[in-house]
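Me: I have a protein model open and want to learn how to read it. Can you take me through the features step by step?

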Amino acid sequence: MSNSSIIKSQIVKRYSLPDFQPVSKLSSVGLLPHLQVALVKLETDSLPENICPKLLEAQDRGKPFLYTARERNPNNYISYGDVCDFIHGGEGDLRRLGVKTGEVVAYVAPSGSAV
C-alpha cells in the first residue's frame, strides 16, 4: 500500500473526505478546516516524471517565487534559485531523509516566512 493510500485510509477512518473543487485541468482541492489540512488530487498520468523540479529550474534563478504576505519591501522575497538550492542539496532535499521518488510527503510550514 502506498503512503498516500495509507494517509487517505487514516483520514477516511476518522473523518469523511471533503468535496473536491477543481482548480485546474490537472488538480482539485478538498479542505478539512477543522484539521487545517488541504488535500490535493493530481491527475499526473499525462505529465512527465519529476515535472515540478523541471518547472522550477526553467525559471530565471533571480525571479521572485514567494513573498511574505505582510512584507512591504518588494525586494524581500524567496527566489526560484533559492527554492532550487533548498530542494537540491540544501536543507529541503528529502533524499537525505530517505524519501524516494514517487513517495508522498507532507510539509508543515511554520507561520511567517523563511526570508
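Reply: Start with the ground rules. This is a predicted model: local features need pLDDT of at least 70, side-chain atom pairs count only at pLDDT 80 or more, and totals for chains, interfaces and linings use all residues. Residues are numbered from 1 along each chain as its sequence is written, and side-chain values use heavy atoms, with hydrogens and water left out.

Me: In what order do the strands of the open sheet lie?

Reply: Strands of a sheet pair through backbone hydrogen bonds, either parallel or antiparallel. Strands (E, at least two residues) and helices (H or I, at least four) are DSSP runs, numbered from the N terminus. Two strands pair if DSSP finds at least two bridges between them. Here the order is β1-β2-β3, three strands with antiparallel pairing. β1 (21–22) and β3 (37–42) each have a single partner strand, so they stand at the edges, with one side left without a neighbour in the sheet.

Me: How many bridges join β2 and β3?

Reply: Six, in the antiparallel sense. Look for Val29: Val40 in β3 stands opposite.

Me: Is Ser28 buried or exposed?

Reply: Under 20% is buried, over 50% is exposed, and partly exposed is in between (1.4 Å probe, protein chains only). Ser28, in strand β2 (residues 27–32), has 13%, so Ser28 is buried. Now check contacts, meaning heavy atoms within 4.5 Å. Leaving aside neighbours within four places in sequence, Ser28 is in contact with residues including Phe20, Val23, Leu39 and Lys41.

Me: And where is Asp19?

Reply: Asp19 is in the loop between α1 (3–14) and β1. With a relative accessible area of 66%, Asp19 is exposed. Asp19 still touches Val29 and Gly30, not counting residues up to four places away in sequence. Asp19 and Leu31 are twelve residues apart in sequence and 7.8 Å apart in space, C-alpha to C-alpha.

Me: Which residues make up the largest nonpolar core?

Reply: A nonpolar core is a set of buried Ala, Val, Leu, Ile, Met, Phe, Trp, Tyr and Cys residues joined through side-chain atoms within 4.5 Å. The largest one has five residues: Leu56, Ile78, Tyr80, Val83 and Cys84. α3 gives the most to this core, with three residues. Cys84 touches Leu56, Glu57 and Arg61, again not counting residues up to four places away in sequence.

Me: How many salt bridges does the structure hold?

Reply: Look for a side-chain nitrogen of Lys or Arg within 4 Å of a carboxyl oxygen of Asp or Glu. The structure holds two. One joins Arg61 and Asp85 (2.8 Å, N to O). Arg61 lies in the loop between α2 (51–57) and β4 (64–67) and Asp85 in helix α3, so the pair ties together parts that are 24 residues apart in sequence. Arg61 is partly exposed at 47%, and Asp85 is partly exposed at 42%.

Me: What about Arg95 and Asp93?

Reply: Their side chains meet in a salt bridge too (2.5 Å, N to O). Arg95 is exposed at 57% relative accessibility, whereas Asp93 is buried at 8%.

Me: Where is Leu94, and how exposed is this residue?

Reply: Leu94 is in the segment after α3 (80–87). The relative accessible area is 32%, so Leu94 is partly exposed.
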